[in-house]
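We will go from the whole chain to single residues.

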Amino acid sequence: MRVIEVPEVEPVASAWVDGAAVTFRFPDPWHRLAGVRLSQDVRIPGDLLDFRRAAAGVGDDWELIIARPPVTRMEYLFELRYPDGGVETVTDPGNPGQVQGAFGPKSVLEFPSYRPPRWLTADAEPGQSATFEVPAGSLDGAVVVRTWAPAGARDEDELPLLVAHDGPEYDALASLTGYLAAGVAGGWLPRLRAALLSPGPRDLWYSANPRYARALAREVIPAVDGRLVTSVRIGMGTSLGGLAMLHAHCRYPQVFDGLFLQSGSFFCPRFDDHERRFPYYPRVIRFVASVLDRSARPVPAVPITLTCGAIEENVGNNRLMAQALEAGGYPVAWHEVPDMHNYTAWRDAFDPYLTRLLRLVCG
């Protein structure tokens, strides 16, 4: 692995906003780089991502100036290109702001309009948890379940249950149980529990897989019910996890009383032809088509809240799904957020959108 040497001088900002422009700089005092490119997901055209040597008098920096994208925060990396043809992707060494994501850390630039959730700094007890495995014969494996409950809750207390696909990731990267603990302690959430489901082989399980839906409805949920007394259930998931939650609801409508779906991977050829390389693409588009033409929608309908980044790739198929569900009689709440396909965006949408759904379903 290459070691990036940064000059031993007083550090300066390497990414900043100036009105409608965003400037990035990367130091190269020994001229070891053949180029620098911005790696981002805010849909900046590819021909605008290459850095140039900074103007005379600025030093030996590489510089890129772009128009400020229509988001409130921006995650990014630098792609370094070497004269020997080597390429390396790194975080911004001059920006202390970083965020962990599903594929590792990224640098983050927060624009002046960004406000983190207030509940992040709330004083709340962390609650109590337990972990167990549910053997799932239809999957030839086991689903790992971690439960969370507010401090003092007993297993025999009848409480609502929030069931989360990618649950451990939701918790580690989006502070899901921190949100629940803060809400219960502050009285703006009903007293409830959560079941955080590990994804296993995620692409296989969460891609509208009938075997997974059967295991969830007939094995995992009954196993949780055997340990905890539950009143109502709300299913949640993001990306493929959101798709899988809607698929499970359509096949087994008695399981969930409400759904919270974030940036769901509701692939359809109209918007997602570029996803054809995904091995389970045909299965996904068949299921999505069946929902859009109403043949797979169960009755009675349950409240569904959907959120998605206003300019992320999935926004087109999410808008279409929200419109179709609403036309089919579902009580739908659709919200576009000023961020992208990442756990911070999903975290920031918990309140008020998940809050409203939990209040509605839990009573």
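What percentage of the 363 residues of the chain count as buried? The figure is 52%. Buried means under 20% relative accessible area, exposed over 50%, and partly exposed in between, using a 1.4 Å probe and protein chains only.

This is a predicted model: local features need pLDDT of at least 70, side-chain atom pairs count only at pLDDT 80 or more, and totals for chains, interfaces and linings use all residues. Residues are numbered from 1 along each chain as its sequence is written, and side-chain values use heavy atoms, leaving out hydrogens and water.

**Whole chain**

Show the cartoon. The chain has 10 helices and 17 strands. These are DSSP runs numbered from the N terminus: helices are H or I with at least four residues, strands are E with at least two. Along the principal axes, the C-alpha atoms fill a box of roughly 70 × 45 × 40 Å.

**Helices H5 and H7**

Select residues 240-251 for H5 and 281-292 for H7. Their axes come within 11 Å and cross at roughly 55 degrees. Axes are lines fitted to C-alpha atoms, for helices over the stretch in contact; angles run from 0 to 180 degrees between N-to-C directions. Now show side chains. H5 brings Leu-243, Leu-246, His-247 and Cys-250 to the contact, and H7 brings Val-284, Phe-287, Val-288 and Val-291. Contact means heavy atoms within 4.5 Å. These residues divide into seven nonpolar, one polar and no charged. Ala, Val, Leu, Ile, Met, Phe, Trp, Tyr, Cys and Pro count as nonpolar; Asp, Glu, Lys and Arg as charged; the others, Gly among them, as polar.

**Helices H2 and H10**

Next, select 176-186 for H2 and 350-362 for H10. Here the axes come within 12 Å and cross at roughly 65 degrees. Leu-176, Tyr-179 and Leu-180 of H2 meet Phe-350, Asp-351, Leu-354, Thr-355 and Leu-358 of H10. That contact has six nonpolar residues, one polar and one charged.

Stay on H10 and zoom in on Pro-352, which lies in this helix. A cis peptide bond joins Asp-351 and Pro-352, with omega about 25 degrees.

**Two loop residues**

Most residues other than glycine have a negative phi, and most peptide bonds are trans. Select Arg-43, in the loop between S3 (35-40) and S4 (52-53). Its phi is positive, about 65 degrees. Arg-43 counts as exposed, at 52% relative accessibility.

Last stop: Asp-140, in the loop between S10 (128-136) and S11 (141-149). Phi of Asp-140 is also positive, near 55 degrees. Asp-140 is exposed, with a relative accessible area of 67%.
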